[in-house]
Amino acid sequence: MKLYERVKNDVKTDVTWNRVARIGIQGIRATPSAASNYVVEKVPIVGWLPRYNYRWLLTDFVAGLTLSLMLIPQSLAYAKIATIPVQYGLMSAWSPAVIYTFMGTSKDMSTGPTSLIGLLTSDVVEDLVKEGYAPEAISSAVALMMGILMAAMGFLKLGFLLDFISYPVLTGFISAVAITIGLGQVDNLIGEDNVGDGTAHIIHDVFNNFGTCNGRAAGIGIGSVILLVGLQKAGERWGSKNRFIWFLSITRAFIALLLFTGISYGVNKGRDSDDYLFDVSKVPTTSIHTPKPVDATLLGKAAGRSIAAFLGASIEHIAIARAFGLRNNYVTDASQELCYLGVTNIWNSFFTCMGVGGAMSRTAVNSQCQVKSPLSGIVTSSVIVLALYKWTGALYWVPKATLAAIIITAIWPLIGKPSTYYNFWKTSLADFIAAMIAFWVSLFVSTEIGIACAVGFNIAYVLLRQVFKHVSTISADSRSELAASLDAGRGLPPNIPADTRVFRFEESFFFPNVQRVKRNILDTILTYHQAEYSIRNGAESERNWSVEGEKRVARLRKRANIDTSNLPGIAVVVLDFAKVNYFDTSAVIGLKNFLAELKQYAGTVEVRLVALNEMTRERFERAGWTLLEGDSSVDTSKPTNVRVFRSVGEAVQASRAASEVMEVVVKNDQSSEENTTVSHREKM
């Protein structure tokens, strides 16, 4: 019965049980309205369409039409990067824009096939096509896996997890991907055969077989590059002043496609397909396929290999959405964007398509067109559907060299500038190393291993940084006059008693660094303060509990160049928690063990805590500690009874007061002994 009462009382008074009950009740009450809001959040058009100004229709129509003229050549080119038939790139582009109209949170975002997704898909295609699967079927499996992962993160509102991939890692990764894409198109640009796979092999084979390139293909390719770059530079220089030049600049890929496809048709029409003057895309007449599910066995094989595509597409898309939201003064929802990506890629996978995501170049053009809402996506999708059913015959004659030129000029801005990496070097060596790992491993090994190694390095660095974080100490023997004056300005007394030492935690105190921080504090005390039993017994050497322990103390003092003949004892240890934002159970247990070891060494010693935040104080109290106000007279000899102060200055002042009281007590004891001795002599 007593056990039942104890359990009942514990459940009734326990903070965790009460919190679980309180949160559970709140959750049940909030479920109906939260569920309703959640559903509405998944379809943002419900919020903005009633406030749509119909005068915006013309602007949205022009923006949608402009994007479609960019998307047609890009979708063909990016399918080529993915090593799937180019018509599947066009089929991948018809649905994303219209779905984004209903689910998107950015007015500027343009989604569809991208160069990054194309390359990451090609890695999976290259692995699995050897097992007899069609390239387009593999790309569908990658799209489905991307969609499942994106939808899971989006609908569970876990978009913030992608923030753990740092900007330097992302920069190195995308730069390597861009270079790999560009190198992979050099053979098509100059019409060269017998070029292998992999960065090293491509560089070797291109130079080794340069004499075998097709001069006519090289002319088409280099001419396409000159046209594309020329129109881009013209737009940058005069586009803001001349609307016609601006339009020519943003539709430069479509213009190049139109011009050189016309040339290709004129010189190759009537020839046998094996006798064309240069390679053409040979896009067959096509239409939107009947939906069909992805093969389950293939999906299982593609699942692990699709993680890099999922990460790359998600991070790129969210970064673009945030950047243009900030530029144009609106807020995007990362988790909702992931929901959209998940739904769209799952949908696309049923139509034998490649994965899709946000594209920086098209989004920038959409913004420049002063688009007013995602409604422009309906226009873009309509034009793509028209192209699928009416224009694929003309796309048959698109030169591969022109597609290669479109790809190379599109990915060039993605390559990080040397100044960017130099800034990483100047700012943080760890960030520079992470960027270099992502860059070089992705470039010469594989994109999946590259990003995994870089993220793994970042995680290891963060944990090790916490483990090896320095704990600063302040005492009477460790401060110069300048440091003392600066500390005085922060409320710390200029004079700290010799038997008092202050330790400042520089970051959070939790499981990765508990043991090291505790060891650092104890080592400092062992180095600069005598043990209580040495003072009591007047021993020159300290009675440590092992020979190795004595040797360790000797090494510490020798390293610090300490004179061991006159070391003070330690009476007060002040722990400053001002910078501790997180404090867990391991830290509570570690601190309790520290107090036990400290008292074993120092005897009667008081530990004082300073600047506890609400969370840290609650952790102590829930662990059974008694936190006493600074002026409390309650016994602190029990390890879990500690005094707390608002500032280090108050804690040290209390230390000085205690020292003065002790000096008075000692003097009184000495006077009493002297008086007793004199009295005894007089009696004799």
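Start by selecting Thr 352, which is buried, with a relative accessible area of 10% (buried means under 20% relative accessible area, exposed over 50%, partly exposed in between, with a 1.4 Å probe and protein chains only). Thr 352 sits in the loop between helix 16 (334–349) and strand 2 (357–358). Helices (H or I, at least four residues) and strands (E, at least two) are DSSP runs, numbered from the N terminus. The phi angle of Thr 352 is near 55 degrees, a positive value in a residue other than glycine.

Before going on, note that this is a predicted model, in which local features need pLDDT of at least 70 and side-chain atom pairs count only at pLDDT 80 or more, while totals for chains, interfaces and linings use all residues. Residues are numbered from 1 along each chain as its sequence is written, and side-chain values use heavy atoms, with hydrogens and water left out.

**Another positive phi**

Select Asn 561, in the loop between helix 27 (547–559) and strand 5. Its phi is near 55 degrees, a positive value in a residue other than glycine. Is Asn 561 buried or exposed? Asn 561 is exposed, with a relative accessible area of 70%.

**The cores**

In soluble globular proteins, nonpolar side chains tend to be buried together. A nonpolar core is a set of buried Ala, Val, Leu, Ile, Met, Phe, Trp, Tyr and Cys residues joined through side-chain atoms within 4.5 Å. Select Leu 90, Met 146 and Phe 173: these have the most contacts inside the largest nonpolar core, which has 101 residues. Helix 15 (residues 307–327) gives the largest share of this core, 10 residues. A second, separate core has 35 residues, including Val 471, Phe 583, Val 605 and Leu 627.

Go back to Met 146 and show its contacts (heavy atoms within 4.5 Å). Leaving aside neighbours within four places in sequence, Met 146 is in contact with several residues, among them Ile 117, Ser 306, Phe 310 and Val 356.

Now select Ser 306, in the loop between helix 14 (296–303) and helix 15. Ser 306 is buried, with a relative accessible area of 0%. Which residues does Ser 306 contact, leaving aside its neighbours within four places in sequence? They are Val 142, Met 145 and Met 146.

Strand 7 and strand 8 (residues 641–645) run parallel and are joined by 4 bridges. Leu 628 has Arg 643, in strand 8, as its bridge partner. Strand 5 and strand 6 also run parallel, joined by 5 bridges, and the bridge partner of Val 573 in strand 6 is Val 607.

Why is strand 6 (residues 606–610) described as largely enclosed by the rest of the structure? It is because 5 of the 5 residues of strand 6 are buried. Glu 606, Arg 608 and Val 610 lie on one side, and Val 607 and Leu 609 on the other.

**Aromatic rings**

The structure holds 24 aromatic pairs. Rings of Phe, Tyr and Trp (its six-membered ring) pair if their centres lie within 6.5 Å; planes under 30 degrees apart count as stacked, over 60 as edge-to-face and the rest as tilted. Select Tyr 421 and Phe 424, an edge-to-face pair at 5.9 Å centre to centre, with 90 degrees between the planes. They are 3 residues apart in helix 21 (residues 418–427), so about one helical turn separates them.

Key: Two strands pair if DSSP finds at least two bridges between them.
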